[in-house]
Amino acid sequence: MKIHTRAVHAGDRKKPSPAIPVTTPVYMASSFFYETAEELDRVFAREQEGYCYARYGNPTSAGLEELVASLENGRGALACASGMAALHTALLAALTDRAKSVLAATSLYGATFNLLLQVLEPLGVSCQFVDACDLEAVAEAVSRRRPGCLLVETISNPLLRVAPLDRLAELARGAGAALVVDNTFATPLLVRPLELGAHLVVHSLTKFLAGHGDVLGGVVVSDDTHYETLRALGRTAGPVLGPFESYLTMRGIKTFPLRMERQCANARELAAWLRRHPRIERVYYPDEAAHPDAASVARLLPGLYGAIVSFEVRDAGRGEILALLDRLKLIVPATSLGDVHTMILYPVMSSHREISPRQRERMGIRDNLLRISAGIEAVEDIQADLEQALAGV
Ligand SMILES: Cc1ncc(COP(=O)(O)O)c(C=O)c1O
């Protein structure tokens with residue numbers, strides 16, 4: 001054969017040897033074939049398990065999907081290219097056979113608001129909002145609006161309200177609505193919403209599950225009834241995650257429970273320390289008896305309260321907060337959370353920037369609010385960095 005032909009084919013498509021790799025390899029193939037065309041035909045027809053085209057399924061992503069479905073105790077999962085792609089896909093799966101209306105929590109990640117109001121509502125999906133921690137208000141809105149879907153975050157961003165998922169699942173099921181839960185902040189170590197009656201669970205894999213600041217990804221985990229719809233959406237709309245990101249996420253998840261335990265312990269210590277700090281006006285962390293959702297916390301959280309702490313800096317405005325961020329030497333002042341390194345975020349500047357100041361005020365997100373995601377470092381070092389940064393305010 002000529003060099004041009006050998007360059008394309010030589011050495012490629014070797015059958016795996018009998019040796020079994022200790023981790024799932026990165027399958028960078030966009031399509032797959034079999035010894036016989038008949039077999040490929042059966043795989044396309046879904047009469048035989050297998051892979052044919054990467055948008056329909058990829059062995060690396062399938063490994064990740066099985067892993068996350070196991071952690072969340074679901075029927076199966078779809079790995080998506082981002083947390084937002086996962087939320088979009090979960091909402092489409094929830095609404096396929098239901099009224100095209102969403103009743104969503106008032107405290108949500110900023111981009112989730114925009115997904116509802118700028119993407120779904122213009123397509124004819126009606127979106128209403130309710131305080132998801134006020135069960136009477138939710139019951140009233142469900143019976144008046146008859147929504148196709150309820151959308152909530154287990155622990156809300158950034159004010160850390162804890163939704164009564166078990167009660168919300170009863171209300172949703174009673175009204176024939178789907179309960180979709182963004183479980184990014186809680187992670188399956190703290191709460192598994194499908195066990196409490198939710199229908200679909202979403203994660204931004206970018207955060208605690210991947211955990212190292214090197215992946216953008218999302219996942220939807222489904223109960224039995226929505227699984228086929230979810231997979232069909234994956235095949236047709238194609239929001240799927242690439243194999244390399246799936247590999248990195250699987251690698252990250254191996255240490256996720258250990259990291260999360262440490263991050264929760266660090267966050268709790270930071271919250272206690274910040275509550276005593278004279279320059280801090282208010283701390284948001286759900287470990288206090290006085291927390292507005294203490295009853296849900298006692299029922300749903302396992303003595304771990306999450307790795308996120310929010311706090312308001314006394315007498316600080318936008319200028320003082322930006323200067324404080326510039327003084328940090330260890331804590332990473334970047335937009336994300338859940339990584340091994342401690343991160344700090346200014347919601348007004350990033351996660352909740354697109355929301356109008358009036359709406360932010362109604363949500364209780366003030367100009368002096370900061371949100372910390374505790375990493376796995378020694379907590380004294382995190383405190384020392386915050387101390388020197390706060391000293392200049
Ligand atoms: C609670 C929550 N849900 C969803 C998302 C979106 O995830 P991604 O950035 O991976 O699209 C984020 C991102 O910060 C988030 O905090």
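Colleague: How are α4 and α9 oriented to each other?

Modeller: This is a predicted model, in which local features need pLDDT of at least 70, side-chain atom pairs count only at pLDDT 80 or more, and totals for chains, interfaces and linings use all residues. Residues are numbered from 1 along each chain as its sequence is written, and side-chain values use heavy atoms, without hydrogens and water. Angles under 35 degrees count as roughly parallel, over 145 as roughly antiparallel, 65 to 115 as roughly perpendicular and the rest as oblique. Helix α4 (residues 83-95) packs against helix α9 (residues 227-237) at an angle of about 130°, with axes 9 Å apart; α4 and α9 are therefore oblique to each other.

Colleague: Is the crossing of α4 and α9 left-handed or right-handed?

Modeller: A crossing is right-handed if the near helix is turned clockwise from the far one by less than a right angle, and left-handed if anticlockwise. The crossing of α4 and α9 is right-handed.

Colleague: Which residues in α4 and α9 meet?

Modeller: Contact means heavy atoms within 4.5 Å. From α4, Thr89, Leu92 and Ala93 meet Thr229, Leu230 and Leu233 of α9. By class, this contact has 4 nonpolar, 2 polar and no charged residues.

Colleague: How many helices and strands has the chain?

Modeller: Helices (H or I, at least four residues) and strands (E, at least two) are DSSP runs. The chain has 15 helices and 11 strands.

Colleague: What does the C-alpha trace of the chain span along its principal axes?

Modeller: The trace spans about 75 × 50 × 35 Å.

Key
Axes fitted to C-alpha atoms, helices over the stretch in contact; angles between N-to-C directions. Nonpolar A, V, L, I, M, F, W, Y, C, P; charged D, E, K, R; others polar.
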